[in-house]
Structure formats: C-alpha cells, structure tokens
Amino acid sequence: MTAWVGATSASTAAHTVHYALVVGGLVALAWLLGARLLPAGHRPPDAHDLRVAALRRAATSGTLGVRPVPASTSVRAPAPPGPADALLPLALIASGAAAGVHAAMGPAHLRAQTVFGLFFAAAALAQLAWTAVALRGRPGRGLLLAGVVGNGACIALWALSRTSGLPLGLLPAPEAVGAWDLAALAWELVVVGACLALLRGAPAGRRTTPGRWHPAATAFLGASVTALGLLSLSGTGG
C-alpha cells in the first residue's frame, strides 16, 4: 500500500512538473508573439526610439539646430523587413520551441531512466540559453556554430534511437516515433538550417527585436505556439 501511494505521488509530481514546464514554454513564446503585435509605444524602446525621443525633446525646448539638407541628399524611409531578417528569428523561435518539447518530455523519461531525464533537462536548458543569448543581438560565428552542432547532435541522437537503439544498454531496441519528437526534430532542423545560412554569408538582418520581425517569423511563432498547445492537450507521448 505504501509503495502504491509513493508511486502515485511520484506520478502526480511528474505530471505537475510536465504541465508547469509546458505552460511556462507557452507563456514565453506567447510573450514573444505579444511583443510582436503590441503597438510601437508599448514595446521596449530600442536605439532608434531613444534617438527619436531625444530629437523631440530638443525640438520642444528650442535647442534643435536645423541644418539645410543638400539637394543631392535624399531621405530614405526604413526598408521593410527582407528574407534575411527572418533567418535569425526563425532560429530563435525554433530553438525555444524545441526546448519546450525537451522540458515537457523530461519527467516521463526521468521515470524511465535517470540519465534520459537528465539529458532532456540539459537539452532544454541549453536551447533556452542559446535562444536568450542570441536574442540580445546579432550572434557571432561561435554562437551560430554552437546552434548547428548542438541541435545537429540532438537530431543525430534521435535518428539513432529510432533506427537501432542506443549503445551501452541504454536503449537496446529502437523507440517508436511520436508526435512530440517529430515536432522537436522539425524545430531543430529549422535551427540548423537558419544558422548554416547565416554562417554561409547571408546577412543577419537587423536586430532581433520581436516588434520588427519579418512577417514569416511572426507566422512561424504563432504556428509554434499553437503546435505546442495542441501537443500538450493531445496527451500523446514522445
């Protein structure tokens, strides 16, 4: 009886952690989406916003010096987001979504084998950390390479576990393919592809402020949030 109560308590705790992690991931992705949809006045100011505010204050106080603009000089409006502006946001969204999958599946794998649970927790933390660092600005080659290598390793490990199992007796037989791991695979492929494109010379685009993302990145963010929500409600394993 005591063993049954203990097992039930452990199962309840694991499910609580599972849903807490999934909800946390959905909230984080929804925050990014909300930042994209908020009006400019409600977004955190960037360098451009601060310069405009300073010019307005100077104009109001009469301290703004106006210099004539040469006839040959044309004032250009900011260019709309181009395809290059979508690459890094796509990688950020996909990395955060893949981290959500690893966090959600961690408790179930921890019950099966401790090393699996620890791996899923480490993968989720690494992908979240990569996303947070890359979100701060234009990432360098080192960070892009880390995105390729880390997610590529996850993809290779997944392929091995679904075709021949894992060595050292960790997984003697191949594991069945599930909806959660297919979703994680797709998001990790997006991270690898976007990072490789940036490494091959594609411009990183402008800064990664969610409010100025390419429309394709915004659509991908909404689709990722929806997919994570549907996976959580479906109750399927992975």
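Accessible areas here come from the Shrake-Rupley method with a 1.4 Å probe, and for residues only the protein chains shown count as cover.

**Entry 1: ground rules.** I am working with a predicted model, where local features need pLDDT of at least 70, side-chain atom pairs count only at pLDDT 80 or more, and totals for chains, interfaces and linings use all residues. Residues are numbered from 1 along each chain as its sequence is written, and side-chain values use heavy atoms, with hydrogens and water left out.

**Entry 2: the whole chain.** I looked up the accessible surface and found about 13,500 Å², with 71% of it belonging to carbon and sulfur atoms. Of the 238 residues, 37% count as buried; buried means under 20% relative accessible area, exposed over 50%, and partly exposed in between (1.4 Å probe, protein chains only). I then listed the elements: the chain has seven helices and zero strands. Helices (H or I, at least four residues) and strands (E, at least two) are DSSP runs, numbered from the N terminus. For contacts (heavy atoms within 4.5 Å), I noted that residues 24 or more positions apart make up 81% of those with a separation of 6 or more.

**Entry 3: helix α5 and what follows.** I checked the length of α5: its 23 residues reach 32 Å from first C-alpha to last, close to the 33 Å expected at 1.5 Å a residue. The expected span is 1.5 Å times one less than the number of residues. Buried residues in α5 include L144, G147, V148, N151 and C154. Just after α5, G165 takes a positive phi of about 85°. I also stopped at L168, in the loop between α5 and α6 (179-199). L168 has a positive phi of about 60° although it is not a glycine. Most residues other than glycine have a negative phi. L168 counts as exposed because its relative accessible area is 82%.

**Entry 4: helix α6.** I ran the length check on α6 too: its 21 residues should span 30 Å, and the end C-alpha atoms are 30 Å apart, so the two agree. G201 follows α6 with a positive phi, near 115°.

Entry 5: Which residues make the nonpolar surface patch of about 220 Å²? I found F119, L157 and L160. Patches are made of residues with over 30% relative accessible area and no salt bridge, with like charges joined within 9 Å and nonpolar side chains (Val, Leu, Ile, Met, Phe, Trp, Tyr) within 5 Å. A salt bridge is a side-chain nitrogen of Lys or Arg within 4 Å of a carboxyl oxygen of Asp or Glu. L160, in α5 (residues 141-163), is partly exposed at 34%. F119 is partly exposed, also at 34%.

The structure holds one aromatic pair. F119 and F120 have ring centres 5.8 Å apart and planes at 85°, so I logged the pair as edge-to-face. Rings of Phe, Tyr and Trp (its six-membered ring) pair if their centres lie within 6.5 Å; planes under 30 degrees apart count as stacked, over 60 as edge-to-face and the rest as tilted. F120 is buried at 15% relative accessibility.

**Entry 6: two C-alpha distances.** G100 lies in α3 (residues 84-112) and is buried at 12%. Its C-alpha is 9.6 Å from that of L125, 25 residues apart along the chain. L135, in α4 (residues 114-135), is partly exposed at 27%.
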